[in-house]
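Visitor: Please take a close look at a single part of this model. I would then like a connected account of the other parts that can be described in some detail.

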Amino acid sequence: MSGIIDQFKLTGKVAWITGASYGLGLAYATAFAEAGAKIVFNDINQDLVDRGLAEYKKLGLEVYGAVCDVTNEEQVNAFVKDVEEKVGTIDILVNNAGIIKRIPMHEMSKAQWDQVINVDLTGPFLCSKAVLPKMMEKGYGKIINACSMMSEFGRETVSAYAAAKGGLKMLTRNICSEYGQYNIQCNAIGPGYIATPQTAPLREKQADGSMNPFDRFIRSKTPAQRWGKTEDLMGLAVFLASPASDFINGQVVYIDGGISAYIGQDPNNLDESKFAEQETSEDVQVVDR
Ligand code: NAP
Ligand code: GCO
């Protein structure tokens with residue numbers, strides 16, 4: 001009987017992580033590669049794909065990367081066909097690509113709303129739909145969705161994002177319900193507040209060099225009083241992508257430093273001198289689309 005550690009291996013599996021040129025997607029892909037998977041990734045434009053390929057090369061990883069906009073069904077299907085011809089059928093899909101627009105709802109245009117819903121909810125639908133037939137044929141598959149604190153909580157200015165991530169929680173449960181019979185598991189990672197380019201604006205220092213009030217707020221809501229690091233999520237991602245989680249289905253696993261369990265403390269009580277400067281992979285120009 002193989003040892004328990006073998007259950008966490010991804011040897012020979014083909015893993016597609018969407019939007020994985022940097023941020024959490026890059027972290028998931030790196031972890032999967034270390035666990036033995038072949039990595040394929042896409043991003044929204046060639047510049048980002050090239051940056052991602054360079055980053056993976058620096059990490060000593062040979063990966064397949066190509067441009068694919070997850071909101072474009074033609075591009076998604078062409079990407080999957082290309083991967084099946086050049087790498088192999090996709091065993092693991094991580095619907096990681098996502099955007100956020102922080103705008104008060106009464107000021108948000110329909111176009112802005114549609115853009116967030118298209119990337120964060122319709123994208124995972126299109127990518128999952130594209131990989132399911134081969135997973136059904138093989139009788140094996142793992143789909144992991146990128147949920148969020150906003151799958152459970154609301155907050156000012158993120159209405160479209162919260163609606164998308166709440167919908168993504170239910171899409172996770174529905175894929176579980178409809179495809180569990182084919183030995184396909186669909187779960188979600190629910191990160192708390194993680195230091196990546198997507199959350200960089202929330203951590204930017206104020207003009208006078210003082211701490212961003214939202215940064216202080218999040219630390220007062222997190223028992224560990226820190227933002228998550230991309231490395232904090234790698235173990236859970238490998239677990240949900242591996243045979244070790246074959247009997248887990250339809251779940252959102254929150255990895256949030258305890259935010260969702262803690263009422264929080266007065267932000268003014270925090271001792272700022274304790275906070276180490278937190279690095280993020282911010283060398284990527286994040287365009288606000
Ligand atoms: P990020 O730094 O903004 O990276 C997202 C990636 O997705 C970027 O490479 C982005 O490219 C790409 N992307 C955007 N739209 C796309 C499209 N239409 N097609 C293909 N790729 C596209 O985000 P992150 O912080 O790593 O987060 C990754 C996922 O986890 C997202 O779904 C996010 O909502 C979720 N999440 C993040 C946190 C957090 O605290 N960071 C917490 C909970 C959940 P561009 O550079 O062009 O945008
Ligand atoms: C925000 C943040 C959050 C995080 C994440 C929390 O503006 O509140 O961007 O939405 O990205 O989704 O889990």
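Guide: In this predicted model, a polar side-chain atom of R102 lies 2.7 Å from an oxygen atom of ligand 2. S148 also places a polar side-chain atom by an oxygen atom of ligand 2, at 2.6 Å. From the side chain of Y161, an N or O atom is 2.8 Å from an oxygen atom of this ligand. Of the 330 Å² of accessible area that ligand 2 has on its own, the protein covers 97%. Such areas come from the Shrake-Rupley method with a 1.4 Å probe, and for residues only the protein chains shown count as cover. A polar contact is a pair of N or O atoms within 3.5 Å; within protein, one atom must be able to donate a hydrogen and the other to accept it, and residues adjacent in sequence count only if both atoms are side-chain atoms.

As to conventions, residues are numbered from 1 along each chain as its sequence is written, while chains are lettered from A and ligands numbered from 1 in the order in which they are written. Local features need pLDDT of at least 70, side-chain atom pairs count only at pLDDT 80 or more, totals for chains, interfaces and linings use all residues, and side-chain values use heavy atoms, with hydrogens and water left out.

E55 belongs to helix α2 (residues 46-58); helices (H or I, at least four residues) and strands (E, at least two) are DSSP runs, numbered from the N terminus. With 23% relative accessibility, E55 is partly exposed, where buried means under 20% relative accessible area, exposed over 50%, and partly exposed in between (1.4 Å probe, protein chains only).

Helix α2 carries the chain from β2 to β3 in a right-handed β-α-β crossover. Right-handed here means that, with the strands pointing away from the viewer, the path from the first strand over the helix to the second runs clockwise. Strand β2 (residues 38-43) and strand β3 (residues 64-67) run parallel and are joined by four bridges, with N42 partnered by A66. Two strands pair if DSSP finds at least two bridges between them. Five of the six residues of β2 are buried.

Strand β1 (residues 14-18) is largely enclosed by the rest of the structure, because five of its five residues are buried. V14, W16 and T18 cover one face, and A15 and I17 the other. Five bridges pair β1 with β2 in the parallel sense; V14 is partnered by K38, and I17 stands opposite F41. Strand β4 (residues 92-95) also pairs with β1 in the parallel sense, over three bridges, and there I17 faces V94. Together with helix α1 (residues 23-34), β1 and β2 form a right-handed β-α-β unit.

T157, in the loop between β5 (141-146) and α5 (159-179), has a positive phi near 75 degrees. N183, in the loop between α5 and β6 (184-191), has a positive phi near 60 degrees. Most residues other than glycine have a negative phi. T157 is partly exposed, with a relative accessible area of 25%, and N183 is likewise partly exposed, at 30%.

Finally, E137 lies in helix α4 (residues 110-138) and counts as exposed because its relative accessibility is 65%. E74 is 63 residues from E137 along the chain, and the C-alpha atoms of the two are separated by 22 Å.
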